[in-house]
Amino acid sequence: MWNENRDNDINGEQGLNNTGQQLQVSRMYGLLHLMRISNEFVIMRDSMEMFPLPGNEVEPEVFPSRINAEFNAAHGVSQGRATDLMLSLSMKAELNRAKIRDLAVNAMDELTKLSMEKEPLWQYDPNKDAEVLNYTEYNRIRFTILDETLDEVIKLIAADAPLNMDNLNRANNIGLSAEEHIQQARSNSQVEAASRATANYIQMPPLSVVYIFMDVKLWSFFFSDILARAMVLGILSPGPPTLDGALQVMSAEYHAPSPLVPTRESYFARYCKMLAYNVWMVVDVSLEDLLSNNPLMSCKRRPSGCLIEGLPGGTTKVTWIEHVQAENAIVPTLFKPLVESGFIYGANRWIDVLVRQSERLQLIVQHSISNLLPGNAESVGMDGLLRLTERMKRSFCSALSATKAYSWKPIPFNGREDILVKTHEVEGDHDHAAFLTVTTSFWLPTKPKIVLQYLRNEKNQVKWDLLGYGYRAEEALHLHGGVTTDNVISVIKMVEEEEEENTTSIMLQESHESATGSYVVFAPLDLPAMACLLDGHDMNGISILPSGFIVLPDQPGRHGEGSTGSVVTVAVQLFDKSARLNFIPADSVDTLLTLIVDCESRIRNALVQAPQN
């Protein structure tokens, strides 16, 4: 179906085949230019953070004695950067460049086949609410070179024939089932997972989607929920002007919705190919074999990526395949079912983020175009509000990241080691004061939907937030952050109970409900800042320090139906004039501990002990 261009030179020098395709690409570039004019790319791209905030190079002895773990971010970062440099230098050798090209072409071929196959290669798993790879079929029809014994086992299973035990005995695997035999061929210390998900309607043309994946800043911006760090180590082929044949070497660090879960780090080649008219494929494949015995390689990307198909009306269908092998030995018990099943890092989550971000950008484009028309003051304010909310969400994801650029330290409390704190410096502050972030994750025997409804209701905030004591919350503005009602942006007035007419501060809040993870993120704003924002002034001068919640089902499954409860992660951020990048006063530690423990306790009492409203 899409094979006619697969044999094109990898440098993309043959270009487009006919004038019709050239006109189509010209229209795509015209729309892309309109998106840039209307701030879908350039302005948002200029304001986004490609890398997380600076790490915490903290010596343990300067902390209060009650905090007993070591901060070792500086060592981790230097190791990672050294590996980046090593791979960057290694790929400059022509032999390695040729190997990378061959690997990318083979990965493209495999991913193209995987995207077209249906059952029995792909089977829907209701427990994971995803299409998952049937490894028996995968190894039978392709793709890997098997030893003779394992190959015989697979063929016998496919034919439903009796097993020849003599042949199995030769492999010293007596008594193993076929699936166990297959699993034994893989590393015992790693878990392999492959899933496929499809978004049938993305509100942008296919070439724009391709640009998102081939521009590391746009990729980091779109997927800040999942990406902690991303960079291009080298470009083997730029693939101008349509990115057909573009090939680059990259490194990326992926984070979960809690710093309790270690990040995954991978080095890979990303290859882009136009398979047919208006049909593209972007594939990733790991390059870890070029750097043998490296301890930082926690994740290997088997051929993974996207089939991007243009639809009538300038929209796009995206089929995502995520196939990884990763180390899960130190994942906390609370998150183990979600990580091992592929729920946190699987294709469904990538697709969910892509759809949500494309809907948000579509709204920003609409408001940006409306701003050009006279008499649209309301659109000016909404445009700035959408942008600030997006920055708030990205900042929250960065603050929660377990990336090696940060170093989290546990605060021991009643035998618990799951309350973490970190510092990061206030940029431009001559007194070197610091922001403090404290977080924990806990289980509730309550469905995720109920938890989200409780947390997103502004009237409940004063019930779980100690800092809201003596205030009443009133929603002043409500708008949808996407095309559905799942994403809600609210402007909330905080009114002192004793002074009914006195609004002392404003809270900006965004909440989003999704089967792959819901969240509530909020940040205080002063009244002058909100007034300037709604009047259309530059939002980049508004500082914002978000806190919030992430709510996950405790088991994978369709919309959390397989779960018996929820995994809730809460993070609170504060500015502390007395704290420094390498020092947190004892009374500040006590304050953070009180805030986080009291918040968890109040939520638990409201949703578990108290009857549901």
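**A colleague's note on the predicted model**

1. Let's begin with valine 589, which sits in helix H17 (residues 586-609); helices (H or I, at least four residues) and strands (E, at least two) are DSSP runs, numbered from the N terminus. Valine 589 is buried, its relative accessible area being 1%; buried means under 20% relative accessible area, exposed over 50%, and partly exposed in between (1.4 Å probe, protein chains only). Its C-alpha atom is separated by 9.5 Å from that of leucine 436, 153 residues apart along the chain.

2. A word on the ground rules. This is a predicted model, in which local features need pLDDT of at least 70 and side-chain atom pairs count only at pLDDT 80 or more, while totals for chains, interfaces and linings use all residues. Residues are numbered from 1 along each chain as its sequence is written, and side-chain values use heavy atoms, with hydrogens and water left out.

3. Now the chain as a whole. The protein chain has 17 helices and 19 strands, and 57% of its 613 residues are buried. Contact means heavy atoms within 4.5 Å; among contacts in the protein chain between residues at least 6 apart in sequence, 66% join residues at least 24 apart. The accessible surface of the protein chain is about 26,300 Å², with 52% of that belonging to carbon and sulfur atoms; accessible areas come from the Shrake-Rupley method with a 1.4 Å probe, and for residues only the protein chains shown count as cover.

4. On a 1 Å grid over the protein atoms alone, a cavity is a set of points where a 1.4 Å probe fits but cannot get out, and lining residues have an atom within 4 Å of a point. Grid points are joined across faces, edges and corners, and a volume is the space filled by probe spheres set on the points. Searching the whole structure gives ten cavities of 30 Å³ or more, and the largest cavity has a volume of about 220 Å³. Of the 21 residues that line the largest cavity, Asp225, Pro257, Arg349, Lys393 and Ile550 are the closest to its centre.

5. Which elements each supply at least two residues of that lining? They are helix H12 (347-371), helix H13 (377-400), strand S17 (518-525) and strand S18 (547-553). By class, the lining of the largest cavity has nine nonpolar, seven polar and five charged residues; Ala, Val, Leu, Ile, Met, Phe, Trp, Tyr, Cys and Pro count as nonpolar, Asp, Glu, Lys and Arg as charged, and the others, Gly among them, as polar.

6. Strand S18 also holds serine 547, which counts as buried at 8% relative accessibility. Beyond its neighbours within four places in sequence, serine 547 is in contact with Phe396, Val520, Val521, Phe522, Ala571, Val572 and Gln573. The C-alpha atoms of serine 547 and glutamine 573 are separated by 5.6 Å, with the two residues 26 apart along the chain.

7. Helix H4 (residues 94-116) has 23 residues and reaches 34 Å from its first C-alpha to its last, close to the 33 Å expected at 1.5 Å a residue; the expected span is 1.5 Å times one less than the number of residues. Its buried residues include Arg97, Ile100, Arg101, Ala104, Met108 and Leu111.

8. Two backbone details deserve a look. Most residues other than glycine have a negative phi, and most peptide bonds are trans. A cis peptide bond, with omega about 5°, joins glutamate 119 and proline 120; proline 120 lies in the loop between H4 and strand S1 (122-125). Asparagine 278 has a positive phi, near 65°, and lies in the loop between strand S6 (264-276) and strand S7 (279-286).

Notes: 1 Å grid on protein atoms, 1.4 Å probe; cavity = no way out; pocket = protein on both sides within 12 Å on 5 of 7 lines; lining within 4 Å.
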